[in-house]
There are 2 protein chains.
Amino acid sequence: MRVDARRNYDHLLAVARTVVTEQGADASLRDIARRAEVGLGTLYRHFPTREALLEALLRTSFEELATRAAELETSSSATDALETWLRECVAFTHEYRGVITPMTAAIEDPESALHASCVMLRTSGTQLLTRAQNAGLARTDIDGVDLFALIAALAWLSDQAGTAPRADHLIDLVASAILTDLNTSPGPPVRSRSTESLGS
Amino acid sequence: MRVDARRNYDHLLAVARTVVTEQGADASLRDIARRAEVGLGTLYRHFPTREALLEALLRTSFEELATRAAELETSSSATDALETWLRECVAFTHEYRGVITPMTAAIEDPESALHASCVMLRTSGTQLLTRAQNAGLARTDIDGVDLFALIAALAWLSDQAGTAPRADHLIDLVASAILTDLNTSPGPPVRSRSTESLGS
DNA sequence: ACCTGAACACCGTTCAAGT
DNA sequence: ACCTGAACACCGTTCAAGT
């Protein structure tokens, strides 16, 4: 890579980070090129699609979340690990408003520049979920795909101006739904079953 | 209203329904005017904002959902009513892909043409929720605002191509999180408490 | 090798001119 | 009263021409 190209690439990425932080993942590419004082073609040369730009922007964050999941797997209880990681995933997408929509599309599209990163994230989540399930601490009727979808839904919620303040609370609710005692689901509530056994 | 104006209005609405069903709530207004064989200014005259158009498009559906909530309040158990209505809300937004985003924005903005309809929907939901809470069948740490947010999140999920097939399952999960036995939340799981009482 | 920006085909929104 | 469509200020994307 030529030195001037390298310089353009780096500068473009720095400006894009600012603009996407300000305006969200659907910010004007033209505006990014303009603010980077670079021809529009140069942006397209380095980042052929918007998703390629987002991938370059978010790569380190994705890697950090994967590392974080591995850490939590040994440092925390299965329950805490999953809940903490879930919350950190949502917090991450919140830094780049609107990024969750291309992410949910990308995980279904192997051609997308964001595909690998999203699959990696889903894999990390699946491991934390499986661990909790094996310990009898999480519902067994959901899998990594469901977990990713729930994270996406919560991330979307956090992106909406009005619901953002409630998001934390709703993350709790979803987390508690996943991390429910196995005996409480499926089937009747535990209380009735305990009552039955007491009665017999 | 002049007869030609009335004709334009009705035709515009019919075409818009088709186009929005096909392409989602962010369909091109220009395209709608074109397919209705009407000047673009005519569309803007009748529907000054996109939300005004959506409101006209969805009004009857909103009213049906409100009526439905009132019906369920007397015809079904508190639990079934809330779960059924929640599912019908999601199914409704699914008919007009992408409509949930303007709706979540509108509920915070009294100036929006969609505001009243969304508030009405939220009120219906709040009533079903309160009834379940009073019967001790729903968590008491959420309110109508949370419920609306959860419905929105699930609706968004159903709109995403990849996650749509899972949406039904995830609605179950969220519904069960809301409609959990009061004794299971907040506080420690019921099982431990039962065990304690058995041990003493 | 890389950069540039005009060109093309689209938007949403407004508003002078028509009937 | 109502309709029309040109005009304006934006997009994303491509690509011939430059260095």
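A polar contact here is a pair of N or O atoms within 3.5 Å. I looked up such pairs, and a few other things, in this predicted model.

**Entry: DNA strand D, atom pairs**

I began with A:Arg30. An N or O atom in the side chain of A:Arg30 lies 2.4 Å from a base nitrogen of DNA strand D. I then went to A:Ser28, where a side-chain N or O atom is 3.2 Å from a sugar or linking oxygen of DNA strand D. In chain B I found B:His46, whose side chain has an N or O atom 3.4 Å from a phosphate oxygen of DNA strand D. Which elements give two or more residues to the surface near DNA strand D? I noted α2 (29–35) and α3 (40–46) from chain A, and α1 (3–23) and α3 (40–46) from chain B.

**Entry: DNA strand D, surroundings**

I looked up how many residues surround DNA strand D, and the number is 22. The closest are A:Arg30, A:Tyr44, B:Asn8, B:Gly39 and B:Thr42. Of the atoms of DNA strand D that come within 4 Å of the protein, 58% belong to sugar and phosphate. By type, I wrote down eight nonpolar, seven polar and seven charged residues for the surface near DNA strand D.

**Entry: DNA strand C, surroundings**

DNA strand C has 22 residues around it, and A:Asn8, A:Gly39, A:Thr42, B:Arg30 and B:Tyr44 come nearest. Sugar and phosphate make up 58% of the atoms of DNA strand C that come within 4 Å of the protein. Which element gives the most to the surface near DNA strand C? I found that α3(A) does, with five residues. The residues of this surface divide into eight nonpolar, seven polar and seven charged.

**Entry: DNA strand C, atom pairs**

I looked for a backbone atom and found one in A:Gly39: a backbone N or O atom of this residue lies 2.8 Å from a phosphate oxygen of DNA strand C. In chain B, a side-chain N or O atom of B:Ser28 is 3.2 Å from a sugar or linking oxygen of DNA strand C. For B:Arg30, I noted a polar side-chain atom 2.4 Å from a base nitrogen of DNA strand C. The elements that give two or more residues to the surface near DNA strand C are α1 (3–23) and α3 of chain A, along with α2 (29–35) and α3 of chain B.

**Entry: the second largest pocket**

I looked up the volume of the second largest pocket, which is about 380 Å³. Its lining has 15 residues, and those nearest the centre are A:Asp26, A:Gly98, A:Thr101, A:Trp156 and B:Thr101. At least two lining residues each come from α6 (100–106) and α8 (144–159) of chain A and from α8 (144–159) of chain B. I sorted the lining into three nonpolar, eight polar and four charged residues.

I placed B:Asp146 in helix α8 of chain B. Is B:Asp146 buried or exposed? At 2% relative accessibility, B:Asp146 is buried. I also found a polar contact of 3.4 Å between the side chains of B:Asp146 and A:Arg166.

**Entry: positive phi values**

A:Glu37 sits in the loop between α2 and α3 of chain A. With a relative accessible area of 72%, A:Glu37 counts as exposed. I then checked B:Glu37, where phi is near 55 degrees, again a positive value in a residue other than glycine. B:Glu37 is in the loop between α2 and α3 of chain B, and at a relative accessible area of 72% this residue is exposed.

**Entry: cysteines**

How many disulfides does the structure hold over all chains? I found zero. A:Cys89 is in no disulfide, and the nearest cysteine sulfur, that of A:Cys118, is 11 Å away.

Technical notes. Residues are numbered from 1 along each chain as its sequence is written. Chains are lettered from A and ligands numbered from 1 in the order in which they are written. This is a predicted model: local features need pLDDT of at least 70, side-chain atom pairs count only at pLDDT 80 or more; totals for chains, interfaces and linings use all residues. Side-chain values use heavy atoms; hydrogens and water are left out. A disulfide is a pair of cysteine sulfur atoms within 2.5 Å. A residue is near a molecule or strand if one of its heavy atoms lies within 4 Å of it. A polar contact is a pair of N or O atoms within 3.5 Å; within protein, one must be able to donate a hydrogen and the other to accept it, and residues adjacent in sequence count only if both atoms are side-chain atoms. Helices (H or I, at least four residues) and strands (E, at least two) are DSSP runs, numbered from the N terminus. Ala, Val, Leu, Ile, Met, Phe, Trp, Tyr, Cys and Pro count as nonpolar, Asp, Glu, Lys and Arg as charged, and the others, Gly among them, as polar. On a 1 Å grid over the protein atoms alone, a cavity is a set of points where a 1.4 Å probe fits but cannot get out, and a pocket is an open set with protein on both sides within 12 Å along at least five of seven lines; lining residues have an atom within 4 Å of a point. Grid points are joined across faces, edges and corners, and a volume is the space filled by probe spheres set on the points. Buried means under 20% relative accessible area, exposed over 50%, partly exposed in between (1.4 Å probe, protein chains only).
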